[in-house]
Number of protein chains: 2
Amino acid sequence: METSTHPGDELELSIDLRLAPGESAATRAAGIAREQTVELDLALVPEPVRAAAAGRVVAVAETGPHRAHARLAFPAAAAGAELPQLLNLLFGNISMQRGVRLTAVRWPEALLAAFPGPACGVDGLRARCGVTVRRPLLLATLKPLGLGASELAQLAGRLARGGIDLVKDDHSLADQPWAPFAERVARCQEAVAAANRHGRSCLYVPNLTGPIDRLGERVEMLTSLGVRAALIAPLLVGLDTVRSLAARSGLALLAHPSLSGALLGATHGFAPALLWGELFRLAGADGVIYPHAGNRFRFTRRECLDVAAALRRPLGAFAPAFPVLGGGMDAARIRRLRRLYGPDTIFLAGASLLGHPAPEEGAAALRHEIEREPSPPGRLSGSR
Amino acid sequence: METSTHPGDELELSIDLRLAPGESAATRAAGIAREQTVELDLALVPEPVRAAAAGRVVAVAETGPHRAHARLAFPAAAAGAELPQLLNLLFGNISMQRGVRLTAVRWPEALLAAFPGPACGVDGLRARCGVTVRRPLLLATLKPLGLGASELAQLAGRLARGGIDLVKDDHSLADQPWAPFAERVARCQEAVAAANRHGRSCLYVPNLTGPIDRLGERVEMLTSLGVRAALIAPLLVGLDTVRSLAARSGLALLAHPSLSGALLGATHGFAPALLWGELFRLAGADGVIYPHAGNRFRFTRRECLDVAAALRRPLGAFAPAFPVLGGGMDAARIRRLRRLYGPDTIFLAGASLLGHPAPEEGAAALRHEIEREPSPPGRLSGSR
């Protein structure tokens, strides 16, 4: 994925197009440039307005039968320095066409500067976990949905004692009757704090995703309990809500990909590195959870590595953010992926820990895996 | 689309599946039921938890080569009566698979009752427009992006004088330098109010879509100016933000489909009637804007009619909401579609008005079209 900051005051979008039989790539690209800005036939747009506000085609090339690649430029001012409008500019009305896939954006520095990005980033989150060496972090999930608050808290304590760095709520734990938000959060935080009094520095990460008008009171509750990180699903609450929380809550934020997969079609939508790697980070995620290739989801290894690269590469003044790799993570898989992803990575263990007869022992085994020297580059990294 | 309220305390989802070669429909459906609730192998889930919280397969049938239809039931309690979690339950993690299309939901009454739905609905919005007879309403758009606030306001006044019922901001008008939010809204509202002093009852509908932490002050600004309706794009600000605005703002809300098309894939995502017709209405939209078939977007006539039916059919205690039809609406098209969609419809005219040398005359012609007796059922409605 080609991504960098744009020297001028334009955003430049790279778009893969599928064309209808007989459709001209140039006409289609020009239509998209119009649709996303002035949304009128240019003959109806006064010349000064057209020059200031209309999108334009930089280049277009056919890349195969009924396929084309286009580069479009939009004035940065059209984004209005607001994240909802930036999303609208990138993929608003064209979301209702077919065969438009946004693969990369060159960002003007001035636009990036309007968004603070991650408040903690890789270094800040590692510090909150009390990890002073540069190693991957371990994240475990409290589940299943349906368990009571006491049972979840007991599990949280066992995982923390075993040496897990971050213990998060399952993304489906909201405010259900089985373990209501307030009770669950208080008990889990208490259990993790108790483990920390015996030599651990685990962070409890409750799921903050919830009604928009209750986020303020929930942030206050978390703060008063000493919670320092939270899980949030940007597509469930709106990406701009993440920006607002990053700017104001004081919490480190892990972004969950719930619902966002619908925007990542093979021929329509966003490339994963753009949505998860750049937009989630721009909004302020300190880590972004997604499934590494080779499990029940559908992403390729290349796409997954591109997300990690996008989260950590220089972009504006943003702190780098953690890729948080999920999907069937057990000790063997973590051992293989450690070299490939490097130390600025979080591994998310789910079923492999919960299926263990003694979760603290399972956690300790993973912690051992994380703390030992990584093996020298092997087949996986060699084939990267 | 089959939709009704569910008598019990379960949501029942209808899902079309694309299967990989050799994949079992039953196994795939069971995997989805698990993935969306307990998210663990059932062997790891204690029996009482499984019974209370796990999704289950009601029925599954192969419907063609590599195609299947499944009905799944989820406990209503799993939704936690919160809209972000409801979205997560419907299409959270499975958004990251391929070939899962949610076509209908049977809603438990108790869950629907947790959401107030449209605050105004069809009757309330018609009343705000001062329309005392049951006829379609006319909506026009102020654009293009790049025009100054005075020019947009002048256009708003001309459209109002011509007899347009609602004049809205283009969905791309946010807070750009060319026409900043505060200045644009004040001038446009003033221009429409001036037209109303000469016998019109036009509503100005500014675009409220913007940063989440500025929505409160913007609602106050609108209220203080006497604005009584607003445009909001649920996917740009989060669907739950619409619910919160519907419950608290006092504004009638028109929902814009920006970005939402990415969730409406032919084989993956939501059926338009479910997303636009049911979820947008459940969140509180009084009208939902979408393009009628046969223009530059990709929806079929059947899908478009299904959206309108979903917006208006009995569902919980929700007021019916308006379908708001856009996409190349001129007098000829409105004449044809009037019979098909009936009087509880809003027609959105864009380019046809802005391309007119005298917008007030173009508006008057459309108003004439709306006010005359509709022609008797013709070919279009006959072929419905």
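Let me begin with one residue of chain B: B:R106, at 23% relative accessibility, counts as partly exposed, where buried means under 20% relative accessible area, exposed over 50%, and partly exposed in between, with a 1.4 Å probe and protein chains only. B:R106 forms a salt bridge with B:E12, the closest N and O atoms being 3.9 Å apart, and by salt bridge I mean a side-chain nitrogen of Lys or Arg within 4 Å of a carboxyl oxygen of Asp or Glu. The pair links distant parts of the chain, since B:R106 sits in strand β5 (residues 100-108) of chain B and B:E12 in strand β2 (residues 10-18) of chain B, 94 residues apart; helices (H or I, at least four residues) and strands (E, at least two) are DSSP runs, numbered from the N terminus. B:E12, for its part, is buried, with a relative accessible area of 10%.

A word on conventions. This is a predicted model, in which local features need pLDDT of at least 70 and side-chain atom pairs count only at pLDDT 80 or more, while totals for chains, interfaces and linings use all residues. Residues are numbered from 1 along each chain as its sequence is written, chains are lettered from A and ligands numbered from 1 in the order in which they are written, and side-chain values use heavy atoms, with hydrogens and water left out.

Now to the salt bridges of chain A. A:D344 pairs with A:R134, with 2.8 Å between the closest N and O atoms. The two are 210 residues apart, A:D344 in the loop between α13 (331-341) and β14 (346-349) of chain A and A:R134 in the loop between α5 (121-128) and β6 (137-142) of chain A. A:D344 is buried at 14% relative accessible area, whereas A:R134 is exposed at 58%.

A second pair is A:R135 with A:E371, whose side chains meet in a salt bridge at 3.9 Å, N to O. A:R135 lies in the loop between α5 and β6 of chain A and A:E371 in helix α15 (residues 359-371) of chain A, so the pair ties together parts that are 236 residues apart in sequence. A:R135 counts as buried at 6% relative accessibility, and A:E371 is partly exposed at 46%.

Turning to the interface, the contact, meaning heavy atoms within 4.5 Å, takes 73 residues from chain A and 73 residues from chain B. Of the interface residues of chain A, 100% are also interface residues in chain B, so the copies meet through the same surface. The area buried between the chains is about 6,300 Å², with carbon and sulfur atoms giving 61%; buried area here is the accessible area (1.4 Å probe) that two parts lose on being put together, summed over both. A:E82, A:M96 and A:L259 supply 11% of the area that chain A buries against chain B, more than any other three residues.

Between chain A and chain B the count is eight salt bridges, and the side chains of A:R248 and B:D213 meet in a salt bridge at 3.0 Å, N to O.
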